[in-house]
Amino acid sequence: MTFQQLRNFCMMSEYESLTKASEALFITQPALSMALKNIEAEVGATLFDRRGKNIYLNQNGREFYKFASRTLAEWDAIIERLSMTIQNEKILRVCYSSDYISDYVLPDFSMRNPDISITMNDVKEELIYNFLCNEIYDVALSGLRCDNGSSKIVTSSTFFRNQLFVSVPINNKLSKQSSISLKELDGQKFIRLSKQGEFTEAVNAQAKKEGVSMAVMQKVNYEVIKALQDNYDFLYFITSLQAVFDYIPMNRKLVPVEGEMFKKNMYISYIKKNEAKVERLISWTQERLSKYNEILR
């Protein structure tokens with residue numbers, strides 16, 4: 001007996017009318033009458049008493065109704081649970097500790113992989129390992145290497161070497177250099193971001209230590225900088241991760257800032273058993289980002 005036959009029987013039992021049940025099931029009354037005949041033949045007993053146009057469960061029918069309704073309820077429950085499991089498998093739960101991940105990396109990945117749903121949250125790096133081990137998140141993109149080469153649960157690999165650059169107009173003498181020390185930025189006209197960036201604290205601390213005073217014209221958001229960079233003579237900081245996803249005008253050159261504090265490995269970390277689930281993100285980051293490491297290095 002099929003689940004559809006059980007569903008037909010329950011519908012007839014609840015409506016106590018072949019006409020109303022057939023309308024609810026979107027089938028013809030003769031087809032439903034035949035279905036009932038087949039059900040009773042398979043059960044080997046009459047399940048309804050007929051009184052005019054109405055039908056009523058007899059003793060056999062009431063017993064069979066208990067079985068049919070319980071079976072359908074269990075069936076619907078397991079289907080719903082399995083469906084939710086499949087849906088969860090299609091949701092990639094990502095945590096990160098850099099604004100550039102949420103501003104650039106994940107939106108670009110989502111646009112190119114529309115069949116994968118993403119939830120993402122900004123978290124403190126020191127919490128990431130526990131979040132992954134407890135399966136609160138599937139994958140982490142951050143400056144923290146979670147496995148330290150010894151974890152049996154979590155694995156990490158470098159997906160990008162982020163570095164601080166200065167965007168310099170080509171008519172500025174600094175554009176001829178292969179790198180720029182922070183000291184050389186003393187007195188230069190700068191536009192700085194109002195939002196704290198990946199290397200903001202390192203820049204501020206080193207500038208204070210070396211007595212560097214950058215003539216900060218204004219602190220604005222990055223969209224303003226992008227709108228002005230074609231036609232105005234000013235410098236601004238940009239990371240290699242930003243540069244991958246943003247347009248850099250032909251009249252500008254990106255020059256790396258000297259110092260190891262202005263370079264940072266970014267890692268992709270995940271639970272080893274979830275590798276298949278995050279495989280698409282891993283492959284995408286390697287393809288999308290790795291080639292820029294060579295170009296911008």
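1. Cysteines first. In this predicted model, cysteine 10 has a relative accessibility of 6%, so it counts as buried. Cysteine 95 is buried as well, at 0% relative accessibility.

2. If you were wondering about disulfides, searching the whole structure turns up zero. A disulfide is a covalent bond between the sulfur atoms of two cysteines. For cysteine 95, the closest cysteine sulfur belongs to cysteine 146 and sits 7.8 Å away, which is too far for a bond; the pair would have to be within 2.5 Å to count.

3. Now the helix pair H1 and H3. H1 covers residues 3-15 and H3 covers residues 29-43; their axes come within 10 Å and cross at roughly 110°. The two helices are therefore roughly perpendicular to each other, since angles of 65 to 115 degrees fall in that class.

4. Who makes that contact? On the H1 side you'll find Gln5, Asn8, Phe9 and Met12, and on the H3 side Leu32, Ala35, Leu36, Asn38, Ile39 and Glu42. Sorted by type, the residues between H1 and H3 come out as six nonpolar, three polar and one charged.

5. Is aspartate 108 buried or exposed? With a relative accessible area of 9%, it is buried, as the cut-off for buried is under 20%.

6. Leaving aside residues up to four places away in sequence, aspartate 108 touches Phe245, Trp284 and Arg288.

Definitions and conventions: Residues are numbered from 1 along each chain as its sequence is written. This is a predicted model: local features need pLDDT of at least 70, side-chain atom pairs count only at pLDDT 80 or more; totals for chains, interfaces and linings use all residues. Side-chain values use heavy atoms; hydrogens and water are left out. Axes are lines fitted to C-alpha atoms, for helices over the stretch in contact, and angles run from 0 to 180 degrees between N-to-C directions. Helices (H or I, at least four residues) and strands (E, at least two) are DSSP runs, numbered from the N terminus. Angles under 35 degrees count as roughly parallel, over 145 as roughly antiparallel, 65 to 115 as roughly perpendicular and the rest as oblique. Contact means heavy atoms within 4.5 Å. Ala, Val, Leu, Ile, Met, Phe, Trp, Tyr, Cys and Pro count as nonpolar, Asp, Glu, Lys and Arg as charged, and the others, Gly among them, as polar. Buried means under 20% relative accessible area, exposed over 50%, partly exposed in between (1.4 Å probe, protein chains only).
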